[in-house]
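Let's walk through this one together, chain by chain and contact by contact. Have the structure open as you read.

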Amino acid sequence: MAVPEVTLTHLNRADGSATYTHNGYSIIGAVNGPIEVSRRDEMPEEATLEVNVRPAVGVGSPKERHLESLLHNTLRSIILTRMMPRTLVQITLQVRSLPEEDEATGVNSTLTILPHLLHTSLLALLSASIPLLTTLTSLLIAVPTSSAPIISPTSTELLRAGPLQAVHVFAFAGDRRLLLNESDGAFSYDEWEEACEMAEEVCCSGGEGGVKLEGEGMDVDAQDGNLEEWLRGVVRRKVDWEQRWKKGT
Amino acid sequence: MPREAEISLNEREFIKQALQEQIRLDNRAFDAFRKLELTFGEEYGVADVQLGKTRVIARISIDVTTPLPERKFDGVFQIFTEFSPMASPAFEVGRPTDAEVILSRILEKAIRRSNALDTESLCIIAGLKCFALRADVHIIDHDGGLIDASCIAVMAALQHFRRPDVLVEGERATILSVREREPIPLSILHQPLCVTFSYFAEGEIFLVDANLAEEQVRNAEVIVTMNRHGEVCQIAKYGGVTVNPLAMLQCTNVALQKVKEMSKFIQQKLDEDAKRRDAGGLMAELSAENAR
Amino acid sequence: MPLDTSTYSLALLRLDGRRWNELRRIHAQISTQAAADGSSYLEMGNTKILVSVTGPAEGRQSGQRGGSGGQAKVEVEINFAGFSGMERRRRGGGDKRSKEMEHCVKSAFEGVLLLHLFPHSTITLNIHIISQDGSLLAACINASTLALIDAGIPMTDYLVACTAASSASSTAADNASADDPLLDLNTLEEQELPFLTVGTLGDSDQVAVCVMETRVRMERLEGMLAVGIEGCKRMRGILDGVVKGYGKRFG
C-alpha cells in the first residue's frame with residue numbers, strides 16, 4: 001500500500017492547512033480556528049465545528065452534505081471542543097482531483113473518498129494546532145465476492161476486483177477504539193468483524209500478535225504501510241521543522 | 001460568520017505614507033506584478049495559479065447537454081466562482097458577498113461576453129446536442145488580486161484543456177474516448193487578461209496588482225481587461241474616488257504591456273507542459289511497440 | 001441589424017432622428033413621493049426610473065446599525081418592474097447583473113456623499129426601473145443624485161452619468177480616426193455598438209464611474225470617453241435646472 005503524501009501548512013491565510021494526495025485523490029484542507037462565532041451558532045460550553053466539503057467540479061450536493069455530517073460527528077468527538085467554548089473551528093476541504101476511474105468503479109463514491117477526507121481534516125487540524133483528544137486513522141476495505149478483501153484499494157484495483165460483496169470504511173482513534181464505520185453491501189457479522197480486524201491492523205500500530213497480512217491483491221509491508229506509523233512520521237517531521245530554531249546552534 | 005479582520009489605522013497610515021514616498025511594503029515597483037507561478041495538473045484543463053500569496057485553481061470540465069432553444073448552434077460555457085472559507089473565514093458558503101458577485105461578473109464579461117471561447121465549436125448537432133463546458137474557480141489562498149489571478153487561471157486552463165473528439169453520422173453522435181482518439185484543444189479566439197489598478201492618495205497614485213492590505217486601503221480600483229492585440233474587453237470602475245480620464249487611458253497602455261507579458265508567460269508554460277506530455281506520449285508509443 | 005449603419009453614414013442621423021451628440025429628451029421631477037425622505041422620477045428617452053431615499057436613519061438590523069469606521073452606510077436596492085423590458089419576465093432580486101449595478105451605484109455614491117457627518121446610520125436608496133431603453137446604469141445614477149439632493153444629504157457635487165458609443169464607419173473599420181462617437185444610447189444602439197457608461201463629478205473632468213462591457217480597440221476608447229464626459233457636463237446642467245426650478249417654488 002502506497003503511503004499518502006502530505007504537505008502541511010502551505011497556505012498563508014488559513015490557520016492550518018494540509019494537502020493530501022493518495023491513490024489519485026488529492027485534497028486541500030484548511031482550518032480556521034478558534035475564531036469568532038456568529039451569535040446563532042454560539043454554544044456556551046463548547047466550540048462550534050463547521051465542516052465544508054467542496055467538490056472538484058460543481059457546487060455542493062446532498063452527497064457533500066452527507067459527508068460533512070459524517071465528518072462533523074467524527075471530528076467533534078476527537079476535538080477538545082470544551083477547551084475553547086464560544087468559538088468556531090472551521091474546516092474546509094477542497095477536493096482537488098479524483099482518480100480518473102472513480103466514477104466507473106460503481107462503488108459508492110461517498111465511501112471511497114471518506115478516509116481521505118478524514119485524514120486531510122486531521123492533518124489540517126494538527127497543522128492549526130487545535131487541541132485534540134486523540135488522532136485518527138481511517139481505511140477503506142473492499143470485499144470482492146470471489147477473492148480476499150483488498151485493503152485501501154486504488155480505483156484500478158477496484159475495477160479489476162470484479163463484483164464486490166461489501167465495502168467498509170473504518171476509522172480508529174489512537175487508542176485502537178473504533179470511531180467510525182460506514183458499510184455498504186451485504187455481509188454477515190463475522191465477515192464484518194474480520195474486515196474490522198484487518199483494518200485495525202493497518203490503522204493502528206503497537207499491537208503484538210496481530211494477524212500478519214498476506215498479500216492478495218496487494219503487497220503490504222506491515223511496517224511501511226501502517227497508517228499510524230505514517231501519521232507519526234508526518235507529525236515528527238512537522239515538529240522537527242517547527243523546532244529547527246532550537247537545533248540550529 | 002466572523003467578519004473580515006480590518007486593517008488597523010496604524011497600518012493604514014503606514015501604507016499610505018510609504019506610497020507617498022514611492023515605496024510599497026513589499027518593495028515592488030508601482031507597476032509590477034507579484035511573482036506569478038503557473039502549474040498544470042496531471043489532467044487536462046487544471047491550472048494552478050499563484051500570484052504572490054494568492055492562489056487560485058481553475059478546473060475545466062465537459063459534459064454533453066441540449067443547447068438552449070434560442071441558441072441552437074452554440075455550446076454552453078459557464079464560469080462558476082464560489083468563495084470558500086478556505087480563502088478567508090469571512091466568506092460564507094451560499095451567501096455571496098459583493099466581492100464574489102463582482103468577481104464572477106468580471107470573469108463573465110471578460111471571458112464569456114468578449115467571446116474568448118468560440119462556443120459554436122462546442123456544438124455537436126445543431127439544436128440537439130452540444131458540449132457544456134464549465135470552469136470552476138477555486139480560491140485557495142487570498143491575498144488580494146483575486147480577479148487578476150482568477151482570469152489568468154481560467155484562461156490558462158481553457159488553453160490547456162482538451163475536449164474529447166466526436167464522430168457525427170447523421171443524427172448519431174459518438175463521443176470518442178481519450179484512448180480511441182487524441183482529444184482536441186478548444187478553439188480560443190483571443191486571450192483576455194485582467195489587470196487591476198488601485199488608486200491611492202485621492203487618485204494621484206496608482207498601483208498594479210495590489211495585495212490584500214493595499215486593497216483595504218485603496219480609494220478606488222479600475223479593472224481593465226485586455227488581450228494582447230490591443231483590444232479592451234472590459235473596463236470597470238465602480239465608484240470610489242475620481243480619477244483623471246487621461247490617467248485612465250494611460251492605464252490601458254500599462255495594461256496592454258502587462259497583458260503581453262502575461263500572455264507570453266502562459267504560452268511558455270503551456271509549451272513546457274506540452275513538451276513534458278509529448279515526451280511521455282512518445283515513450284508510451286515505444287513501449288507499446290515493444291510489447292507487440 | 002437594428003442600427004442600420006449604412007444610413008447613418010449617409011445622413012448622420014440615428015434611428016430616432018438624433019445627431020451624434022444629442023441627448024434624448026430628459027424629463028425629471030423631484031419630491032415625487034411624500035412618504036420618502038427624498039425621491040425623484042427621471043425619464044431619459046424611454047428609460048424611466050423612480051428613486052426613493054430613506055435616511056440617514058437607524059439601520060434595519062439591530063446588530064449592525066449603520067456603517068463602520070464612523071461613517072454612514074449606503075444601501076442600494078434595484079427593482080426591475082416586470083413590464084420594464086421587452087420580455088414580460090419577472091427578474092429575481094438575486095440577479096448578478098442587478099447586484100453589480102447595486103454595487104456600482106453604492107460605491108459611486110460612497111465617494112460623493114459626506115458620509116462622515118452621519119456615523120452609525122444607514123442611507124437606503126430604492127431604485128425602481130419602470131421602463132428600460134438603454135443607458136440604464138447612467139439613468140440610475142442621475143435619478144439617485146436627484147433623490148439624494150431632495151433628501152438633503154450633503155454631497156460634494158452632482159454625480160452625473162452618460163453613455164457613449166463608438167460606431168466605426170463600416171468602410172474604415174481599422175482606421176482609428178474615422179470612427180464616429182455617439183452620445184446617450186438607446187437599447188437598439190447598445191446591442192449593436194461598443195459603448196461605455198461614464199460618470200463624472202459635477203463640471204469637472206474627473207471620472208467617478210466607468211463601465212464598459214463590450215470589446216473595442218483601445219484607440220477608440222479616448223473618443224468615447226471624451227464624448228461621454230461632454231455629455232455628463234450637459235446632463236449636469238439639465239439636472240441643475242431641475243433642482244433650481246424646484247427651489248424657485250419656495251422662493
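Which residue is the bridge partner of E43(C) in β3(C)? That would be K48(C). Keep in mind throughout that this is a predicted model.

## The sheet in chain C

The E43(C)–K48(C) bridge belongs to a pairing of β2 (residues 38-44) with β3 (residues 47-57) of chain C, which is antiparallel and runs over seven bridges. Those two strands sit in an open sheet of five, ordered β1-β2-β3-β5-β4 in chain C, with mixed pairing. Going from one strand to the next, the twist averages 15 degrees.

As for helices, α2(C) packs on this sheet by touching β4 and β5 (122-131) of chain C, and its direction makes about 145 degrees with that of β4(C). Then there's α3 (residues 136-151) of chain C, which lies across β1, β2, β3, β4 and β5 of the chain and runs at about 150 degrees to β2(C).

## Where chain C meets chain B

Here 28 residues of chain C are in contact with 28 residues of chain B. On the chain C side, the elements that put in two or more residues are α2 (96-110), β8 (195-201), β9 (207-212), β10 (216-217) and α5 (221-248). The largest share comes from α2(C), with eight residues. By class, the chain C side splits into 15 nonpolar, nine charged and four polar residues.

Strand pairing also crosses between these chains: β14 (residues 231-237) of chain B is joined to β10(C) by two bridges, and the two run antiparallel. V232(B), for one, has V216(C) in β10(C) as its bridge partner.

## Where chain A meets chain B

On this side, 22 residues of chain A are in contact with 24 residues of chain B. Three strands of chain A give two or more residues each to the side touching chain B: β3 (25-35), β4 (48-54) and β5 (88-97). Of these, β5(A) gives the most, with six residues. The chain A side has nine nonpolar, nine polar and four charged residues.

## A helix check in chain B

How far apart should the ends of α1 (residues 9-20) of chain B be? With 12 residues at 1.5 Å a residue, the helix should span 16 Å, and its end C-alpha atoms are 17 Å apart, so the two agree. Following α1(B) comes Q22(B), which has a positive phi, near 65 degrees.

Terms used:
Residues numbered from 1 in each chain as written. Chains lettered and ligands numbered in written order. Predicted model: local features only at pLDDT ≥ 70, side-chain atom pairs only at ≥ 80, totals over all residues. Helix = DSSP H or I, 4+ residues; strand = E, 2+ residues; numbered from the N terminus. Expected span 1.5 Å × (residues − 1). Contact = placed C-beta atoms within 7 Å. Nonpolar A, V, L, I, M, F, W, Y, C, P; charged D, E, K, R; others polar. Pairing = 2+ DSSP bridges. Axes fitted to C-alpha atoms, helices over the stretch in contact; angles between N-to-C directions.
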